[in-house]
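Thanks for asking me to look this one over. My notes follow as numbered points, to be read alongside the structure.

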Amino acid sequence: MNLFSYINPEINDDKFKDEEIDGEKKYRNVKKKIRRLKEKDLLTEEQEKKLRILGILVQEYENRNKGIPEKKAQPKKKKKKSTNKEEEDLLNREYEKNKDYWEREERERELKQKWRKEWQKEQEKRERKLKEEWEREQEKRERKLKEEWEREQKKKEQQQEEQHWSREQWWREQQKQHHQHQQRQQQQKQQNNNYNTYRKKSPEEKFCENYNIEVPQDIINLYRNYSTKKYRELALKYHPDKGNNNIEYQKMINNIKDIFK
């Protein structure tokens, strides 16, 4: 229902009753219609009328939403307290009455402060004495522990020296035994060498002396009892291409063959 229809009778037409603005959605749609009509170059009488009415509706909706501005509340001014001479006189009288009481309280406070200071000094003295005693006890304990540790270390060192001495003795005895064993071996070697010098050597030994490597027992047996069958078997066995054998074994076998042919 439009309240300002009596000012502009064009708004009472049935055509524009549906276009009354109830909310923001309708407000946006009406704005779009006004924009489209303004974009056109030539307008008919009905379109001009429509544009005029829509503009009036938009203004009404905007003014309705604005409302009346509220006045800001101003802070209240504090009233100054009125002081009378009678009140001042009463306060002075009460102060004089209670003056003795407040003086006593001040004296008591001063005494309490003195007592606190004295008590704090005594506490500090006690703490110092206790601290000094505790430090002395700690020093004594540390000294005792240090002396005990030094004694234990000396004992350990003595034990280690004794063990070291015993090990040295054992090592010297082992060296003596080893030296004696070596002397015995040398004596036996000398005896064997003396025996071998005076003993006649066998032909097998003479044959083995010609080579720098040890001669296998099979080849020595071939030298003692030569036969073609054994020769062939050993030639196959000690062939250099077979089993990575030494070439000197083949030379030994061939020399034995040459000797007995």
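1. The accessible surface, from the Shrake-Rupley method with a 1.4 Å probe and with only the protein chains shown counting as cover for residues, comes to about 25500 Å². Carbon and sulfur atoms hold 47% of that surface.

2. Please keep in mind that this is a predicted model: local features need pLDDT of at least 70, side-chain atom pairs count only at pLDDT 80 or more, and totals for chains, interfaces and linings use all residues. Residues are numbered from 1 along each chain as its sequence is written, and side-chain values use heavy atoms, with hydrogens and water left out.

3. The chain has eight helices and zero strands; both are DSSP runs numbered from the N terminus, helices being H or I with at least four residues and strands E with at least two. Among contacts (heavy atoms within 4.5 Å) with a separation of 6 or more, 49% join residues 24 or more positions apart.

4. How many salt bridges are there? The count is three, taking a salt bridge as a side-chain nitrogen of Lys or Arg within 4 Å of a carboxyl oxygen of Asp or Glu. One of them pairs E24 with R28 at 3.6 Å, N to O. Both residues lie in helix α1 (residues 24-39), four residues apart, about one turn of the helix. E24 counts as exposed because its relative accessibility is 53%, while R28, at 49%, is partly exposed.

5. E62 and K31 also meet in a salt bridge, at 4.0 Å, N to O. This pair links distant parts of the chain, with E62 in helix α2 (residues 45-66) and K31 in helix α1, 31 residues apart. E62 is partly exposed at 32% relative accessibility, and K31 is partly exposed at 33%.

6. K237 forms a salt bridge with D218, with the closest N and O atoms 2.8 Å apart. Here helix α7 (residues 228-237), which holds K237, is linked to helix α6 (residues 217-224), which holds D218; the two residues are 19 apart.

7. E137 sits in helix α4 (residues 99-198) and is partly exposed, at 43% relative accessibility.

Technical notes. Buried means under 20% relative accessible area, exposed over 50%, partly exposed in between (1.4 Å probe, protein chains only).
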